[in-house]
Amino acid sequence: MDSDSSGGWRFAQCFGDKGEVEDITEADVISTVEFDSTGNYLATGDKGGRVVLFERNEQKKNCEYKFYTEFQSHEPEFDYLKSLEIEEKINKIKWCKRQNSAHFLLSTNDKTIKLWKVFEKSLRVVSESNHWDGQRNLPTPLSPMHLRLPKMTQQDNIIAAVPRKVYANAHAYHIHSISINSDQETYISADDLRINLWNLNISDQSFNIVDIKPVNMEELTEVITSSEFHPTHCNLFMYSSSKSNIKLADMRDAALCDRHAKSFEEEEDPTNRSFFSEIISSISDVKFSHDGRYILSRDYLSLKIWDINMDSRPVKTIPIHDHLRGKLCDLYENDCIFDKFECTWSGTDSHVLTGSYHNYFRIFDVESLSDVVLQADKSAFKQKKIGGPLPGNKVGTKNGTRGLRDAMQMETLDFHKKILHASWHPRENTIAIAATNNLFLYSAA
Amino acid sequence: MSDLYRSAIHARLQKLPPMPPPEELEDGDEEEEEADTLGSLPSMSPPPLPKSGPGSASTKTSHLDVYKPISASDYFDQALEINVPSPQLNFRVYYTPPKAKDGTIVVCHHGAGYSALSFACFSKEVTRLSNGECGIFAFDARRHGVQAQLFGHSTFSMHHIAFTGKTVPTPECRTPDVDANLDILTLVNDCMSLLTTVFPDPAVSPSLLLVGHSLGGSVCVRTVPLLLERKYRVTGVTVLDVVEEFTLDALPHMHALLHTRPTGFGSVEEGIEWHVKTNAIRNLTSARISIPAILVPSTSGNPPWRWRTPLEGTAPYWINWFTSLSSLFLSCKTARLLVLAGTERLDRELMIGQMQGKFQLEVISGVGHMLHEDNPTRLAEILVEFWRRNERVIVGVKKVGET
């Protein structure tokens with residue numbers, strides 16, 4: 001175990017504007033980050049509806065990614081029936097497993113999911129034709145015997161992105177999750193009240209498998225907040241709700257999976273109840289571990305790790321920023337109490353990662369619960385540039401072990417800078433963190 | 001979290017009872033206390049009465065000071081007693097004349113059980129926002145407010161009643177209601193007679209904009225065709241917070257609701273306090289002006305103050321008050337405006353009418369049924385804008401609703 005306070009994590013790269021928070025173009029704010037199943041490709045989606053892909057630079061020994069391609073995935077739309085604008089913000093990106101040289105990924109905004117094919121295309125140009133022999137003009141041929149077939153040569157390789165399928169009009173509410181099944185043939189999309197099952201090849205139909213819409217919308221008390229397929233069992237999926245429970249459903253049970261196979265919910269201590277206890281217990285993200293034996297859930301103040309076989313209580317509860325417990329009233333006023341933080345497992349399921357405010361994020365060792373606190377902001381790469389000591393090595397100063405953790409609790413937290421989205425490389429200890437409009441890469445490899 | 005979840009939470013928060021005013025300031029723990037006490041959900045019935053009775057009145061005067069009545073002299077220019085010969089009645093009218101002779105008069109008809117003073121704050125806002133170009137004419141209907149019957153007078157006379165400091169109705173208004181008929185056609189006739197008495201010549205009278213709250217809306221939509229027949233210029237009609245189908249559906253429950261109201265109060269202040277605490281009126285200032293007009297000293301003495309218009313007795317007229325309201329509203333040949341409080345719910349007829357663009361719909365959030373009292377500023381903004389848009393008469397161009 002590294003005695004280094006930063007847990008061996010070093011800042012590797014930063015993509016993005018790097019300017020001041022005040023000057024950020026809203027469309028550049030990153031709304032989702034996802035490594036593919038090999039870790040060689042990294043996708044980000046932003047509020048402007050664009051998807052940017054990065055590719056691992058194999059030539060370099062250490063962790064380095066370079067820009068691969070970018071395309072406009074979704075455009076803003078207008079729903080004329082309800083007089084509502086449909087945002088083009090990309091809510092989630094999920095990669096399909098590689099089957100050939102092309103990449104396939106699903107990207108979704110509030111209403112429409114698209115399957116994109118990203119592939120290298122070699123551009124060919126006509127090099128010789130009946131009017132041009134490669135160097136000079138030719139006179140027009142006068143007889144059929146002088147006609148020749150034009151010759152093409154390769155000029156450039158470009159990376160093209162084409163929407164292969166558009167899965168539209170299946171959701172009345174805003175889509176927040178998509179998850180591809182381990183069978184690589186089907187996937188689920190979830191909105192606030194319903195979950196639909198799709199076949200990747202069929203874009204005009206989907207099955208509704210979970211529906212929690214009440215008959216009278218005025219009685220709405222619970223919404224679905226996240227959903228995911230089991231990594232290996234193609235019949236199992238789970239969904240979390242705003243009422244702090246996680247339901248595991250088996251598609252073999254029935255066509256409509258409203259009755260869960262298992263429900264993971266922790267009994268709440270009645271002495272701790274307050275108006276806010278319901279809001280902060282709402283689960284913002286759930287993830288299966290890679291081995292499929294554990295579930296990681298994130299609510300406003302903590303992470304919980306559940307063993308799939310034990311639904312009475314989590315095996316581990318990790319407080320993230322307990323010092324916010326006293327500020328819930330303010331956080332309700334400025335709406336921050338509704339922030340949806342994501343959580344993620346490491347490739348070996350030995351660590352978990354989640355974000356907080358003021359660009360802080362934390363990585364916990366699942367066994368020992370020891371943690372590392374890092375901050376994704378300019379200080380990270382300024383250190384690296386100067387070639388000075390690694391961030392976190394200066395014991396006793398602001399960036400020491402005690403320093404960052406205490407700094408996280410200081411009164412003047414900037415609640416506009418929040419780390420909501422992150423992704424962990426499936427095969428090594430490299431993480432991608434979305435900090436507003438910048439993408440930070442850290443590596444401990 | 002999703003907007004759906006956020007709005008569901010906010011909706012639940014709106015439904016919670018209001019925070020009681022903090023008794024003393026305690027160091028530092030206030031916020032936590034607020035967070036803890038917001039946990040209870042409201043029950044269906046209104047909270048229990050504050051104890052009223054002769055003994056307790058004196059001990060409570062200090063905390064009731066905040067509920068002292070306010071005179072309407074700051075809100076209306078004049079208070080008039082107008083004797084109308086044909087239904088032998090004296091009408092109490094609160095009047096703010098328009099600055100220009102050809103301005104518009106906003107005629108306000110209150111709802112059942114209330115009085116013209118419920119439009120006091122609204123009137124002040126309208127005067128301010130229209131720079132005095134709109135005048136206000138709010139009157140108490142029969143058996144309401146400070147309206148009384150005058151015996152024996154046959155000529156039309158208008159008495160100015162100086163605004164005294166007292167807003168308590170004077171004893172002479174306590175003559176028994178001889179003509180107790182509250183049938184809708186009677187009320188419409190009253191309104192018509194009053195307006196034709198005050199503005200006898202349609203050619204030179206200012207244009208009229210009728211505003212009716214609840215029952216008043218019903219009266220106004222029936223008065224408009226009569227006014228138009230007599231060649232008065234009617235700029236528009238506004239109905240406040242009443243939708244025919246839902247009101248008719250709710251009528252059977254009215255009796256139960258009225259039973260939960262107290263039969264009377266220990267003092268006018270307590271009456272004001274009750275209305276504010278039960279959120280019947282969310283605007284304290286407006287309640288302090290309008291409630292004194294709906295309470296009268298009781299003859300029996302216990303409770304000391306009773307309702308001026310006990311609504312249980314008006315039950316026979318309820319159905320006729322609201323039947324055909326939607327169709328009559330939609331067929332008014334003038335500009336139409338419907339203002340609703342909070343959740344917008346239209347019945348079928350109104351919904352079709354709205355889709356066809358037959359009227360303007362405005363929804364004010366954060367207000368209760370007495371929306372003209374709860375948020376007079378917003379309503380005045382809506383009304384003045386409605387007036388401005390419909391008032392300009394361009395020769396040759398048909399006005400909204402004209403055939």
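**Entry 1: helix α15 of chain B**

I began with helix α15 of chain B, residues 376–391, in this predicted model. I counted 16 residues in α15(B). From first C-alpha to last, the helix reaches 21 Å. At 1.5 Å a residue I would expect 22 Å, so the two values are close. Next I looked up which residues of α15(B) are buried. The list holds B:P376, B:L379, B:A380, B:I382, B:L383, B:V384, B:F386, B:W387, B:N390 and B:E391. I noted that an α-helix has 3.6 residues a turn, so residues three or four places apart point the same way.

**Entry 2: helix α6 of chain B**

I moved to helix α6 of chain B, residues 184–198. α6(B) has 15 residues and reaches 21 Å between its end C-alpha atoms. The expected span is 21 Å as well. Is α6(B) mostly covered or mostly open? It is mostly covered, with twelve of its 15 residues buried. Among the buried ones I wrote down B:I184, B:L187, B:D190, B:C191, B:M192 and B:T197. What covers them? The cover includes strands β1 (78–84), β2 (89–96), β3 (104–109) and β4 (134–139) of chain B. Helices α7 (215–229) and α11 (318–322) of chain B are also part of that cover.

**Entry 3: chain B as a whole**

I stepped back to the whole chain. Chain B has 15 helices and twelve strands. Of its 403 residues, 51% count as buried. I then checked contacts in chain B between residues at least 6 apart in sequence. Of these, 76% join residues at least 24 apart.

**Entry 4: B:E244**

B:E244 lies in helix α8 of chain B, residues 244–259. Is B:E244 buried or exposed? Its relative accessibility is 11%, so B:E244 counts as buried; the cut-off is under 20%. Which residues touch B:E244, leaving aside neighbours within four places in sequence? I found B:F322, B:T323, B:S324, B:L325, B:S326, B:S327, B:D347 and B:E349. B:S326 is 82 residues away along the chain, yet its C-alpha is 6.0 Å from that of B:E244.

I turned to the interface. The size of an interface is often given as the accessible area lost when the parts come together. Here the area buried between chain A and chain B is about 1900 Å². Carbon and sulfur atoms give 63% of that area. In chain A, the residues that lose the most area to chain B are A:F275, A:Y332 and A:F338. Together they make up 32% of what that side buries. The contact takes 26 residues from chain A and 15 residues from chain B.

I looked for salt bridges across the interface, and the rule finds one. It joins the side chains of B:R6 and A:D335, at 2.9 Å from N to O. Two residue pairs are in polar contact across the interface. Helices α1 (275–281) and α2 (328–333) of chain A each supply at least two residues of the side touching chain B. The largest share, four residues, comes from α1(A). By class, that side of chain A has twelve nonpolar, seven polar and seven charged residues.

**Entry 5: B:I9**

My last stop was B:I9, in helix α1 of chain B, residues 3–15. B:I9 has a relative accessible area of 3%, so it is buried. Which residues does B:I9 touch, not counting those up to four places away in sequence? I found A:F275, A:I279, A:Y332 and A:F338.

How values were computed:
Residues numbered from 1 in each chain as written. Chains lettered and ligands numbered in written order. Predicted model: local features only at pLDDT ≥ 70, side-chain atom pairs only at ≥ 80, totals over all residues. Heavy atoms only, no water. Contact = heavy atoms within 4.5 Å. Buried area = accessible area lost by both parts, 1.4 Å probe. Salt bridge = Lys/Arg side-chain N within 4 Å of Asp/Glu carboxyl O. Polar contact = N/O pair within 3.5 Å; in protein donor to acceptor, adjacent residues only side chain to side chain. Nonpolar A, V, L, I, M, F, W, Y, C, P; charged D, E, K, R; others polar. Buried < 20%, exposed > 50% of the residue type's maximum accessible area, 1.4 Å probe, protein only.
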